[in-house]
Amino acid sequence: MANRTGSTAVTAAVQSDEPIRWATIGDSIAQGAHWTGAERDYVQLLEERVRYELNRTTDSFVRWAVSGATTPDTLGRLEPALAQSPTLVLIGVGTNDAKAGPDGLTKFADQYDTLLATLQDTGALVVAQTPTAVLRTSRYNLGDHLPAYAEAIRTVATRRKATLVDHFAHWTAAGKGWAPAEWMADPTHPSGRGHRVIARTLFESLDLFAADSACCRLLDN
C-alpha cells in the first residue's frame with residue numbers, strides 16, 4: 001500500500017523532535033466535506049493520532065482542499081498553501097480529474113507530475129494518495145476511468161520517489177473491483193466509516209498504526 005522508500009522519510013520525521021507542519025491539498029474527500037455527516041474525516045483522525053496520542057503538540061495541520069477540485073485547480077491554489085511553508089503535504093486528487101476519461105489521462109499525469117515536483121522543490125515531504133474507489137452507479141463512468149488515473153498516480157509517485165498510499169488498491173480488493181457499499185455515503189463519496197478506512201490505511205502506510213491506540217481501535221468499528 002505504500003512506497004516504502006518514501007515512507008521511511010515520513011517515519012523519520014515523525015520520530016524526530018522537530019515540529020511538522022502538515023498540509024492537505026485536494027478535493028472534497030481531502031476536505032472532509034459534507035458526506036462524513038457528524039463523524040470525523042480522515043485528516044481529523046490523523047491529527048488526533050499525531051497531536052494527541054503521539055503527543056506531537058507542536059505539530060500543526062492546515063487544509064487547502066476544496067470540494068470539486070481537480071489537479072489544475074490544486075496547482076492554482078498552491079501559492080497560499082506554500083506560503084505556510086509546510087514540511088509534509090498530503091495530496092488527495094484524482095477523482096474529479098477522472099471525469100475527463102481516457103482523453104484526459106495524459107494531461108492528468110503531466111499535471112500530477114508538476115504538482116509533485118513543485119512541492120518537492122520546496123523541500124517538503126510529499127504523500128501521494130490514490131483516490132478511493134466508487135460504486136457502479138457513480139456518474140461520469142468514474143468506475144471505468146479511475147483505475148487508469150490511480151495507476152498514473154502510482155507511476156508518478158514512484159518516479160518522484162514520493163511516499164505513496166494506495167487507497168484505490170485496498171478499496172477495489174475489498175469491494176471486488178468497486179467500493180464496498182458500507183464505506184460510502186453516496187456513489188462517489190466515502191462516509192464517516194469510509195474515512196476511518198482511509199485513516200487506517202494512512203496509519204499503516206506511514207507506520208503510525210498501533211494496536212493499543214484508542215484512535216486506531218476506533219477504525220475497526
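**Briefing: aromatic pairs, salt bridges and selected elements**

F108, Y112 and Y149 form one aromatic cluster. This is a predicted model, in which local features need pLDDT of at least 70, side-chain atom pairs count only at pLDDT 80 or more, and totals for chains, interfaces and linings use all residues. Residues are numbered from 1 along each chain as its sequence is written, and side-chain values use heavy atoms, with hydrogens and water left out. Helices (H or I, at least four residues) and strands (E, at least two) are DSSP runs, numbered from the N terminus.

**Aromatic pairs**

- The structure holds four aromatic pairs, a pair being rings of Phe, Tyr and Trp (its six-membered ring) with centres within 6.5 Å; planes under 30 degrees apart count as stacked, over 60 as edge-to-face and the rest as tilted.
- The ring centres of F108 and Y112 are 5.7 Å apart and the planes stand at 45 degrees, so this pair is tilted.
- Helix α6 (residues 105-121) contains both F108 and Y112, four residues apart, about one turn of the helix.
- F108 and Y112 are both buried, where buried means under 20% relative accessible area, exposed over 50%, and partly exposed in between (1.4 Å probe, protein chains only).
- The rings of W171 and W183 have centres 4.9 Å apart and planes at 75 degrees, so they form an edge-to-face pair.
- W171 lies in helix α8 (residues 167-174) and W183 in the loop between α8 and α9 (192-205), so the pair ties together parts that are 12 residues apart in sequence.
- W171 is buried at a relative accessible area of 0%, and W183 is buried at 11%.

**Salt bridges**

- The count comes to 11 salt bridges, each defined as a side-chain nitrogen of Lys or Arg within 4 Å of a carboxyl oxygen of Asp or Glu.
- One of them joins the side chains of D41 and R63 (3.0 Å, N to O).
- D41 lies in the loop between α2 (28-31) and α3, and R63 in strand β2, so this pair ties together parts that are 22 residues apart in sequence.
- D41 is buried at 3% relative accessibility, whereas R63 is partly exposed at 29%.
- D113 forms a salt bridge with R160, with the closest N and O atoms 2.9 Å apart.
- D113 belongs to helix α6 and R160 to helix α7 (residues 142-160), so the pair ties together parts that are 47 residues apart in sequence.
- D113, R159 and R160 are linked in a network of salt bridges.
- In helix α9, R200 and E204 lie four residues apart, about one turn of the helix, and their side chains meet in a salt bridge (3.0 Å, N to O).

**Strand β1**

- Five of the six residues of strand β1 (residues 21-26) are buried, so the strand is largely enclosed by the rest of the structure.
- β1 runs parallel to strand β2 (residues 60-65), joined by six bridges; strands pair if DSSP finds at least two bridges between them.
- β1 also runs parallel to strand β3 (residues 88-92), joined by five bridges.
- G26 stands opposite A65 in β2, and W22 stands opposite L88 in β3.

**Helix α3**

- The buried residues in α3 include Y42, V43, L45, L46, R49 and V50.
- These residues cover an arc of only 165 degrees around the axis, which puts them on the same side of α3; the arc is that of the directions from the helix axis to the C-beta atoms.
- α3 is followed by N55, whose phi is positive, near 60 degrees.
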